[in-house]
Amino acid sequence: MPIKSYLAHPHNGKKDELIEALSSIDQCEVVAAQNKNVLVLVTETEDTTEEAILKEKLETINSLKLLAMVSGFNTPQNN
């Protein structure tokens, strides 16, 4: 299961809008920095197909200026 963390930078004046957009996606958890115009985004998906769909969703968010991955790994599922 892919788990990734990002720094998400909103367009000027769009931080709250970006928080709302990212928070509405089931695979996303968002934490806003208190003193900067940046968000920490953690995503968790079931497989690479779901990850690709999530990536497409993220690319459509107009309030998102820049998304920089800081960590990513794939946890094998126990069967």
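This is a predicted model: local features need pLDDT of at least 70, side-chain atom pairs count only at pLDDT 80 or more; totals for chains, interfaces and linings use all residues.
**View 1. Ser-5 in strand β1.** Let us begin with Ser-5, which sits in β1, the strand formed by residues 2-10. Is this residue buried or exposed? With a relative accessible area of 17%, Ser-5 counts as buried, because the cut-off for that class is under 20%. Setting aside neighbours within four places in sequence, you will find Ser-5 in contact with Leu-41 and Val-42, and also with Ala-68, Met-69, Val-70 and Ser-71.

**View 2. β1 alongside β3.** Stay with Ser-5 for a moment and look across to β3, where Val-42 is its bridge partner. How many bridges join the two strands? There are six between β1 and β3, and the strands run antiparallel.

**View 3. The β2–β3 hairpin and the two faces of β3.** Here strand β2 (residues 28-32) meets strand β3 (residues 39-44) in an antiparallel arrangement with five bridges. A hairpin of six residues leads from β2 to β3. To find your place in the pairing, look for Val-31, which stands opposite Val-40 of β3.

View 4. Our last stop is α1, where the buried residues are Lys-15, Leu-18 and Leu-22. Why can we say that they line one face of the helix? Looking down the axis of α1, the buried residues fall within an arc of 60°, so they share one face. On the other side of the helix, Asp-16 and Glu-20 are exposed. Glu-20 belongs to the run of residues 15-23 that makes up α1. Its relative accessible area of 61% places Glu-20 in the exposed class, because that class begins over 50%. For a sense of scale, pick out Lys-55 too: Glu-20 and Lys-55 are separated by 35 residues in sequence and by 17 Å in space, taken from C-alpha to C-alpha.

Terms used. Residues are numbered from 1 along each chain as its sequence is written. Side-chain values use heavy atoms; hydrogens and water are left out. Helices (H or I, at least four residues) and strands (E, at least two) are DSSP runs, numbered from the N terminus. Buried means under 20% relative accessible area, exposed over 50%, partly exposed in between (1.4 Å probe, protein chains only). Contact means heavy atoms within 4.5 Å. The arc is that of the directions from the helix axis to the C-beta atoms. Two strands pair if DSSP finds at least two bridges between them.
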